[in-house]
Amino acid sequence: MRKLKNSELDRLNVEAFKAAKKTPIIIILDNIRSLNNIGSVFRTSDAFLVEKIYLCGITATPPHKDIHKTALGSTNTVAWEYVKNTLDLVEKLKAENIKICAIEQAENATMLNEFTPQPQATYALVFGNEVKGVAQNVVNASDEVIEIPQFGTKHSLNISVSCGVVVWDLFSKLEH
């Protein structure tokens, strides 16, 4: 088996990406402090044609060399916007009939493997701070809390890993 060269992967160029039909997923980063995590979320969002990323609170914005290092150009393809207050954004998106899902460990959370997205719905996935998680007021305002099942000794995953797991899961469920 031969590894493929980048030129053989048949990827979209920037213009084709921007014109492509997007997956009905929006990502909200709630006070993410790691620039590498932010860049990784951009790259995942590019891979699965995410509609938009909202960068909230202390979350840094492009252009920044440490975001660029992991984003590998995806800050030029994925639509993004900075919004200071995460809760204000969540309330605005809810008014637009977008389903808000906090990705968090919480009472009565739905396990990701048991979550079934509604057809024709757009989902905004909220990922929280590396230490404190999604702010409680944002969890309270969410339509759903989704938890990633974990079976080892650690109580959490890195936010960029969590984003990859959840976006892939929703992408695969929405595509089928």
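Visitor: Hi! Which strand pairs with β4 in the parallel sense over three bridges?

Guide: Hello! That is strand β7, residues 144-147. Keep in mind that we are looking at a predicted model.

Visitor: Which residue stands opposite isoleucine 103 there?

Guide: Isoleucine 146 in β7 does.

Visitor: And how many bridges join β4 to β6?

Guide: Four bridges join them, and the two strands run parallel. Within β6, leucine 125 is the residue opposite cysteine 101.

Visitor: Is β4 mostly covered or mostly open?

Guide: Mostly covered: β4 spans residues 99-103, and four of its five residues are buried.

Visitor: Let's step back. How many helices and strands does the protein have?

Guide: There are six helices and seven strands. Going along the sequence, the order is α-β-α-β-α-β-α-β-β-β-α-β-α.

Visitor: What about the overall dimensions, say the box filled by the C-alpha atoms?

Guide: Along the principal axes, the C-alpha atoms fill a box of roughly 45 × 40 × 35 Å. The radius of gyration is 16 Å, and this agrees with the value near 16 Å for a compact globule of 176 residues.

Visitor: What share of the residues is buried?

Guide: Buried residues make up 45% of the 176.

Visitor: Back to the strands, then. How many of the residues in β1 are buried?

Guide: Seven of the eight residues in β1 are buried, so this strand is mostly covered.

Visitor: Which strands does β1 pair with?

Guide: β1 pairs with β2 in the parallel sense over six bridges. β1 also pairs with β6, again in the parallel sense and over six bridges.

Visitor: How does the chain cross from β1 to β2?

Guide: The chain goes through α2 on the way, and this β-α-β crossover is right-handed.

Visitor: New topic: salt bridges. What does the count come to?

Guide: The count comes to eight salt bridges. One of them is between glutamate 130 and arginine 33, at 3.9 Å from N to O.

Visitor: What does that pair tie together?

Guide: Glutamate 130 is in the loop between β6 (123-128) and α5 (136-141), while arginine 33 is in the loop between β1 (23-30) and α2 (35-47), so the pair ties together parts that are 97 residues apart in sequence.

Visitor: Are those two buried or exposed?

Guide: Glutamate 130 counts as partly exposed, at 25% relative accessibility. Arginine 33, at 53%, counts as exposed.

Visitor: Which side chain meets glutamate 81 in a salt bridge?

Guide: That is lysine 52, with an N to O distance of 2.6 Å. Glutamate 81 is partly exposed, with a relative accessible area of 32%.

Visitor: And what does lysine 65 do?

Guide: The side chain of lysine 65 meets that of aspartate 66 in a salt bridge, 3.8 Å from N to O. Salt bridges that share partners join Lys65, Asp66 and Lys69 into one network. Lysine 65 counts as exposed, at 65% relative accessibility.

Visitor: Now the surface. Which residues make the nonpolar patch of about 200 Å²?

Guide: Leu157, Val161 and Val165 make that patch.

Visitor: Where is valine 165 placed?

Guide: Valine 165 is in helix α6, residues 159-175. Its relative accessible area is 32%, and this makes valine 165 partly exposed.

Visitor: While we're at α6, what about lysine 173?

Guide: Lysine 173 lies in that helix, α6, and counts as partly exposed at 26% relative accessibility.

Visitor: Last one: how far apart are lysine 173 and valine 83?

Guide: They are 90 residues apart in sequence, and in space they are 29 Å apart, C-alpha to C-alpha.

Conventions:
Residues numbered from 1 in each chain as written. Predicted model: local features only at pLDDT ≥ 70, side-chain atom pairs only at ≥ 80, totals over all residues. Heavy atoms only, no water. Patch = residues over 30% accessible without salt bridge, like charges linked within 9 Å, V, L, I, M, F, W, Y side chains within 5 Å. Areas by Shrake-Rupley, 256 points an atom, 1.4 Å probe, with all protein chains shown as cover. Salt bridge = Lys/Arg side-chain N within 4 Å of Asp/Glu carboxyl O. Buried < 20%, exposed > 50% of the residue type's maximum accessible area, 1.4 Å probe, protein only. Pairing = 2+ DSSP bridges. Right-handed = clockwise from strand over helix to strand, strands pointing away. Rg over C-alpha atoms; globule rule 2.2 N^0.38 Å.
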